[in-house]
Amino acid sequence: HEGGETPFELDVTEAIRAGAPNLLAVRVLNPTHERIDGIVLDETPRRCKVMPYRAGAAYNHGGITGSVDLAIVPAVRVLDVFVRADTQTGVVRVQATVRNPSQEALRGRLTIGIAPGTVGDTLKTDLVEQDFPPGDTVVESLLVIDGPEIWDLSTPHLYRADVSVAVGDSVDEKSTRFGFRDFRFENGYFRLNGRRIFLRSSHTVNHFPIGLQFPHDPDLARRDLLNAKVMGFNMVRFICGGATPEQLDLCDEIGLLVYEESYASWFEMVNTPQMKGRFDRAIGEVIERDRNHPSVVVWGLLNEIQDGPLFRHAVASLPLVRYLDDSRLVMLSSGRWDGQPDIGTLSNPGSTEWEASLGVEAPGAARVGWSNVGGAMGYFE
């Protein structure tokens, strides 16, 4: 697996020796300027890691910071759950992906329930019986919540989607929290649930004292966000990625908006045959991991990137983002150092185009010198 930001899994069923000792060995490759298995630092999504270190960047640190689990799971299981909730209608669209690794179709029962985020009775349930062929099967269900409570800055109401699949006596379940909320740029203003708001946003590269990537005191990762909320900020931007699921869980709970990027957003990758695939994988895996968090309202693709192969690929990647998630605002590039105001900076939820909405942006607008773009165009940061 390539990438140091998102979770992944490997099926080791065929390698396990039943009733005998087994050794699990994990090899981590941390790229440098010398090729290791054909990979070098400047050709990978690397956040702001540099060699040698310089002020304003990050050390080229690497290693395992998350958990490594050996899980025994049913053969047929719930691989992923994606939830979209409509504030106007109360409709909850649940998209469940079920994996069947066997060589034959298996009959099963999929149960989908919607409940309050913490405690309380299940509000709505849907039951689907069908065959699950070999491979992955996507099942969609629509459930309606009457008078849903809205997720907002001061009242961050959360719901929970519980999805289980049963095949014979085998049952697997996955749960995820979500919320009813709508965030977009409309008529010159940012609006949350239809209400015009002034965004007071901080940003972080999510680095910490001593441990850098992960703090020596895990509570520091939470405390920073709590302090931002108490100080009056209503948004935090995770610049060039690095947000942890635990931090996003906290933002969901306290009503703190999130603008999230991936490791590929900054610095620019060297243009190689692998560049486009690595960019797509970086942003795609972040979206798939975090797309149920109601606090996450903006996907950011780039930061301070000049015109070039990476910028042009990011412009063309909006269909991929919309395939994975059509419910959030997308920002093309903070700072807009590309200097092309004929290309819009943002795409609202449901939109499949870059909308010319900020500063001097307009179809056919003349190119602007990149070093003056921030002041001349007044982009949102």
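Predicted model: local features only at pLDDT ≥ 70, side-chain atom pairs only at ≥ 80, totals over all residues.
Across the whole structure, a search identifies 30 salt bridges, a salt bridge being a side-chain nitrogen of Lys or Arg within 4 Å of a carboxyl oxygen of Asp or Glu. Residues are numbered from 1 along each chain as its sequence is written, and side-chain values use heavy atoms, with hydrogens and water left out.

One of these contacts joins R99 to E9, with the closest N and O atoms 3.9 Å apart. This pair links distant parts of the chain, 90 residues apart, with R99 in strand β2 (residues 91-100) and E9 in the segment before β1 (77-85); strands are DSSP runs (E, at least two residues), numbered from the N terminus. R99 is partly exposed at 29% relative accessibility, and E9 is likewise partly exposed, at 48%, where buried means under 20% relative accessible area, exposed over 50%, and partly exposed in between (1.4 Å probe, protein chains only). E9 and R99 also belong to a network of salt bridges that includes R77 and D136.

A salt bridge between D152 and R195 has its closest N and O atoms 3.1 Å apart. Because D152 lies in the loop between β5 (135-144) and β6 (159-167) and R195 in strand β10 (residues 195-196), the pair ties together parts that are 43 residues apart in sequence. D152 counts as buried at 12% relative accessibility, whereas R195 is partly exposed at 39%. In the salt bridge of E43 with R35, the N to O distance is 2.7 Å, and E43 is buried, with a relative accessible area of 11%.

Methods. Helix = DSSP H or I, 4+ residues; strand = E, 2+ residues; numbered from the N terminus.
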